[in-house]
Amino acid sequence: MVAVSGYPPADRTSFKCDLMSFKESYNLAKILARNIKDSGNLPDMIIAIGRGGYVPARLICDFLLFDNLTTIKIEHYKGAADIQEMATLRFPLSADISGKKILVVDDVTDTGKTLRVAVEYLESLKPAEIKTAVLQHKICSDFVPDYYAKKIVKWRWIIYPWAAYEDLAGFAENIIGERTLTTRQICNEFDSRYNISLRQSNLTEILEDLYARGSIDHIYGDEDTLWRKVTLVK
């Protein structure tokens, strides 16, 4: 079992994960929308932070019967908890928000840098007000959103259903590293490293997609396929 504390682990190769279902995510979005509604301060426009905020923002619009939704894209994590040093604006806003009340939506606050960059950028566009909302807020975050559905006290990596396949593929690559492993061995390490139980059939589908993309190679063994990192020929 992976130990869990209130702060992100220094070792990013082993930590507890929560694999969220669509039902859980939907219910969190419903709670979040209710919190926003109960505040009595409804926005003129909702801005989703891509890519994690796309689905939560659309669900909130649904629960609020609201249709003024647009997006920006900020990059911080490259996938599978692989954090970049800085959060950067990739795709800016195309709409005029001057004088409008804005609600910025993302899935989770981890370091808080994504929302901080978003707010600083949007402030330069002269809106009347900026509020922020996430499904889940980790207390280790430097940025506290105005609204959240759930507070996360003990840090863990949260895998939302709209990013699960990508995250699991990234974890699989991390597990393989410079080694040659069987499907069963990779499955076992998913459990021991990340507290994720995977069926070998589901993992095989991910590994085959990584192979098709050229990220990993395979060798057919007598009882199980062996997987390894692609060796670049100089």
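This report describes the overall build of a predicted protein model and then a few of its local features.

## Overall architecture

The protein chain holds 6 helices and 11 strands, and its C-alpha trace spans about 65 × 40 × 30 Å along the principal axes. Of the 234 residues in the chain, 47% count as buried. When contacts between residues at least 6 apart in sequence are considered, 64% of them join residues that are at least 24 apart.

The domain assignment divides the chain into domain 1, covering 17-158, and domain 2, covering 163-229. The C-alpha centres of domain 1 and domain 2 are 31 Å apart, and the contact between them involves 7 residues of domain 1 and 9 residues of domain 2.

## Helix 5 against helix 6

Helix 5 comprises residues 183-194, while helix 6 comprises residues 200-213. The axes of these two helices come within 10 Å of each other and cross at roughly 105 degrees; because angles of 65 to 115 degrees count as roughly perpendicular, helix 5 and helix 6 are described as roughly perpendicular to each other. On the helix 5 side the contact is made by Thr183, Arg184, Ile186, Cys187 and Phe190, and on the helix 6 side by Gln200, Leu203, Thr204 and Leu207. The residues of this contact divide into 5 nonpolar, 3 polar and 1 charged.

Thr183, which is found in helix 5, has a relative accessibility of 3% and therefore counts as buried, since the cut-off for that class is under 20%. Leaving aside residues up to four places away in sequence, Thr183 touches Gln200, Leu203, Thr204 and Leu207, and also Asp224, Thr225 and Trp227.

## Ser124 in its loop

Ser124 lies in the loop that runs between helix 3 (113-123) and strand 6 (129-138). With a relative accessibility of 47%, Ser124 counts as partly exposed, because the exposed class begins only over 50%. The side chain of Ser124 reaches the backbone oxygen of Tyr121 at 2.4 Å. Ser124 and Ser98 are 26 residues apart in sequence, and their C-alpha atoms are 9.4 Å apart in space.

Most residues other than glycine have a negative phi, and most peptide bonds are trans.

The peptide bond from Gly50 to Arg51 is cis, with omega near 5 degrees, and Arg51 is found in the loop between strand 2 (45-50) and helix 2 (54-64). Leu65, in the loop between helix 2 and strand 3 (69-77), has a phi near 50 degrees, a positive value in a residue other than glycine. Leu65 is exposed, with a relative accessible area of 80%. Asn195 is not a glycine either, yet has a positive phi of about 60 degrees; Asn195 is found in the loop between helix 5 and helix 6, and at 25% relative accessibility counts as partly exposed.

Key:
Residues numbered from 1 in each chain as written. Predicted model: local features only at pLDDT ≥ 70, side-chain atom pairs only at ≥ 80, totals over all residues. Heavy atoms only, no water. Helix = DSSP H or I, 4+ residues; strand = E, 2+ residues; numbered from the N terminus. Buried < 20%, exposed > 50% of the residue type's maximum accessible area, 1.4 Å probe, protein only. Polar contact = N/O pair within 3.5 Å; in protein donor to acceptor, adjacent residues only side chain to side chain. Contact = heavy atoms within 4.5 Å. Axes fitted to C-alpha atoms, helices over the stretch in contact; angles between N-to-C directions. Parallel < 35°, antiparallel > 145°, perpendicular 65-115°, else oblique. Nonpolar A, V, L, I, M, F, W, Y, C, P; charged D, E, K, R; others polar. Domains from an automatic or database assignment.
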